[in-house]
Amino acid sequence: MKRSEILARCLVIIATLSVLVIPPAVRWFNNRQAVELHARIAETGGWTPESISAQAGTPLHLRLTSDDVIHGFAVGKLNGPAVDVEPGKVTSLTLNFDKPGKYTFYCTRWCGLNHWRMRGTIDVTGKGLVDPQPAPAPLYMTLNLDLDAPHPTAVIPVVKPSAVRGKELANAHPIIRYLIPDYYRSHSPAQVYLDLRADPSLTILKDPQVWDLVAYIWQQNTTPAELADGRQRFARNCAACHGETAAGNGVFADDLAQFDTLGTSGDNRPVDFTNPITMLGASPVLLQGKIIRGGMGTGMPMWGSIFSDDQIWSVISYLYSYHFEESIK
Amino acid sequence: MRYELTRFPLVKAVLKNRWPQLVVYTVMLSGFLLAIMDGLVGTPVGNQNYAIVFVWIAWWAILILAAVPFLGRGWCAVCPIPLPGEWLSHGAILAPRDGKKPWLNLRWPNRFRNIWSQNITFLLVALFSTVVLTTPLVSGGVLAAMLMVAIGTSLVFERRAFCRYLCPVGGFIGLYAQAAPLELRVKNRDRCVQCAGKPCYNGSAAGYGCPWQVFPPGLTRNTYCGLCMECLRTCPHDNIALNLRPFGADLEKPSRRMDEAFKAFIMLGAAMIYALVLLGTNGTLKSAAYSVGSLTWFGYAVGSLVFILSILPGFFWVSVRMGQLLSGSIDPMRHAFAAFATTLVPLGLMSWIAFSLSFVLTNATYILSSLSDPFGWGWNLFGTAGITWQPLLTTLVIPMQVLALVGGLLWSIRIAQKVSAETHITPLPVAIYATMATLTMLGLIL
């Protein structure tokens with residue numbers, strides 16, 4: 001064989017092999033220390049992989065990419081900001097876990113009807129900070145509530161109750177026992193109203209004034225910061241279905257109304273939080289249970305693995321703000 | 001009027017020497033294999049995947065806006081697809097090996113020695129194109145399939161049977177190469193008559209016989225000459241020239257072949273359908289074109305085929321027939337139909353240029369981001385991975401498109417006049433047909 005032919009063959013072989021070998025080798029090298037996490041809309045697979053292992057105290061390096069539309073990434077109960085996961089781009093992220101446990105990561109962008117199904121877990125093992133005592137069971141479980149029971153109220157205010165007016169009334173008519181958190185959380189606003197109405201010390205008050213006291217009790221059990229957090233959390237995580245004004249008319253509402261998440265037809269329109277009949281009949285702890293557990297067969301996801309207790313109470317406080325006039329505490 | 005480029009020793013030396021061509025081949029083949037691999041294992045996001053961005057945006061732009069109009073089959077001269085099969089068949093990469101015979105080396109069946117197969121392969125790709133052009137995995141699969149078919153064809157049949165008879169791209173490049181200002185021709189046919197052995201066709205120690213199955217002395221049109229330069233190497237009489245010439249010189253000698261006539265209809269119709277589906281705003285139509293295998297897609301496919309293969313040729317047949325009746329011509333209708341179809345070559349080429357300007361300039365910035373991160377694996381090789389998408393030359397696109405289409409119309413009418421001189425059929429009805437086609441295309445694009 002001529003030398004020129006040998007040279008030509010070497011040129012072609014080296015060039016083509018370089019193309020076929022170098023890119024995968026570089027990728028392998030880049031990914032040695034990192035987990036590559038692919039995002040797709042839930043209908044075509046969600047997160048891949050869905051489950052990641054990590055060690056407490058050891059940084060977890062992630063390379064996030066989307067295979068279709070823009071997604072977001074955040075880890076529940078971990079105080080880190082959500083990051084965008086863009087199609088065809090790679091976002092690097094390092095997570096640090098102090099405590100072992102099972103963490104849930106989820107999509108933070110409204111990527112599709114089943115956006116909320118885009119979840120995965122990070123199983124963190126090893127030695128880390130240990131809580132001095134295990135977390136107590138959520139209040140709704142302690143009270144053994146039936147979360148799915150209807151809870152309409154027969155009593156609703158004629159005018160929107162005002163916490164400011166309620167505060168003035170409370171100065172004249174002390175209602176200290178109604179202000180304690182345990183009472184507030186375990187009673188719906190309608191029950192609070194009925195309790196106040198039945199209180200002999202308040203018989204001189206008219207119905208709207210009693211509702212003002214209910215608003216005052218709500219206000220005393222929240223803070224402006226908590227309401228701001230609840231508003232932001234609702235806008236990011238709940239408004240896709242429940243609507244930006246909480247009226248149950250989010251961008252996915254019509255689709256959810258036609259089909260439930262199991263694929264069968266049925267009316268699963270998201271709850272309208274501006275409806276006083278259902279909202280004033282729901283206690284904070286009932287809402288806590290629904291948020292933690294999810295809708296069980298409806299489109300309502302479970303948030304217990306993502307939101308902390310405080311975050312859930314923030315959202316609940318914010319939801320009541322549609323029925324009570326706010327004021328500066 | 002011709003200007004011989006090979007009169008310059010440097011040009012001739014570069015074209016005759018196999019090494020410059022091999023270097024280009026190697027780059028092209030590497031890029032092609034990269035596109036296949038990228039399609040198969042890179043990001044499934046089309047606008048960030050090299051297989052989509054480089055093949056269907058960058059390559060297409062170069063091909064339709066520059067290579068075909070100015071170099072004719074210039075792309076075929078550097079196309080990597082037939083190379084592995086050809087090298088395997090020859091048992092060599094550079095010059096022919098002494099005594100080495102190609103593998104089976106069968107003759108391509110006579111029945112299929114035309115471009116009907118290419119018409120079919122192009123239509124097949126066109127019907128699936130919304131998926132092929134946007135889905136890296138499918139795109140990579142199609143490119144890999146083309147490579148495999150080319151290799152298989154080379155091992156079974158003689159010469160570049162794949163390029164000549166099967167390649168879906170080669171068919172239309174050949175059609176539009178007639179309009180290009182570049183040609184390869186013999187300098188003196190009398191010298192060819194006296195040439196013993198005809199090495200330009202049969203090969204010699206200096207090079208292979210024409211891979212495109214063309215007998216160079218018989219070359220009158222660019223359609224089937226792949227500009228591979230083998231005849232330049234093998235001609236013992238220095239009788240091959242690469243010439244510059246006026247645009248559209250081949251079109252003055254209209255083809256009478258029905259397969260080429262239908263290639264012109266297929267290309268013109270496909271440009272219209274692409275403009276309607278890819279540039280238009282009809283979401284239902286886009287969904288139908290994308291939902292391959294669905295009932296709506298079958299509707300889209302059948303509708304497209306009827307439009308391309310029946311409606312466009314049907315109206316054209318009526319136009320030619322009217323011209324025939326008005327002129328009292330006795331030229332057979334079949335001949336007249338095929339001859340006048342030559343007028344659709346500039347019209348179709350300019351329609352494709354107008355269509356391509358829009359989507360190429362809209363998507364060109366993806367080339368920069370894909371260049372730095374061809375697989376969508378988070379690389380930033382040239383610092384351009386994060387570049388944001390923006391359409392280019394937005395104010396100039398429409399004027400350029402109008403200019404291309406109107407220019408194509410005038411060029412077509414001029415060709416129709418020349419065909420008229422040969423067929424003695426008035427060109428008026430065909431000119432009206434070309435005008436209507438241009439107006440349709442303008443309506444679709446604007």
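This is a predicted model: local features need pLDDT of at least 70, side-chain atom pairs count only at pLDDT 80 or more; totals for chains, interfaces and linings use all residues.
Residues are numbered from 1 along each chain as its sequence is written, while chains are lettered from A and ligands numbered from 1 in the order in which they are written.

**Overall form of chain A**

- Chain A has 13 helices and nine strands, where helices (H or I, at least four residues) and strands (E, at least two) are DSSP runs numbered from the N terminus.
- The domain assignment, whose bounds come from an automatic or database source, divides chain A into domain 1 (1-25), domain 2 (34-125) and domain 3 (135-329).
- Between the C-alpha centres of domain 1 of chain A and domain 3 of chain A there is a distance of 70 Å.
- The C-alpha trace of chain A spans about 115 × 45 × 35 Å along its principal axes.
- The radius of gyration of chain A is 26 Å, whereas a compact globule of 329 residues would have one near 20 Å; this radius is taken over C-alpha atoms, and the globule rule is 2.2 Å times the number of residues to the power 0.38.
- Of the 329 residues of chain A, 33% count as buried, a class that requires 20 or more other C-beta atoms within 10 Å of the residue's own, with exposed meaning 12 or fewer, partly exposed lying in between, and the C-beta atoms placed from the backbone.
- Among the contacts in chain A with a separation of 6 or more, 72% are made by residues 24 or more positions apart; two residues are in contact if their C-beta atoms, placed from the backbone, lie within 7 Å.

**Strand pairing**

- In chain A, four strands form an open sheet with mixed pairing, in the order β2-β1-β4-β7, and its edge strands are β2 and β7 (90-95), each of which pairs on one side only.
- Two strands pair if DSSP finds at least two bridges between them, and in chain A strand β1 (residues 34-39) runs parallel to strand β4 (residues 60-66), joined by six bridges, with A:Leu37 opposite A:Leu64.
- In chain B, strand β3 (residues 240-244) pairs in the antiparallel sense with strand β1 (residues 3-4) over two bridges, and B:Glu4 has B:Asn243 as its bridge partner.
- Strand β2 (residues 182-186) of chain B also pairs with β3(B) in the antiparallel sense, over five bridges, and there B:Arg185 stands opposite B:Ala241.

**Contact between the chains**

- On the two sides, 20 residues of chain B are in contact with 19 residues of chain A.
- The side of chain B that touches chain A has 12 nonpolar, eight polar and no charged residues, where Ala, Val, Leu, Ile, Met, Phe, Trp, Tyr, Cys and Pro count as nonpolar, Asp, Glu, Lys and Arg as charged, and the others, Gly among them, as polar.

- Most residues other than glycine have a negative phi, and most peptide bonds are trans.
- A cis peptide bond, with omega about 0°, joins A:Thr48 and A:Pro49, and A:Pro49 lies in the loop between β2 (47-48) and β3 (51-55) of chain A.
- B:Lys198 has a positive phi near 40° and sits in the loop between α11 (189-194) and α12 (199-202) of chain B; with 17 other C-beta atoms within 10 Å, B:Lys198 is partly exposed.
- B:Gln213, which is not a glycine, has a positive phi of about 60° and is found in the loop between α12 and α13 (230-234) of chain B; B:Gln213 counts as partly exposed because it has 19 C-beta neighbours inside 10 Å.
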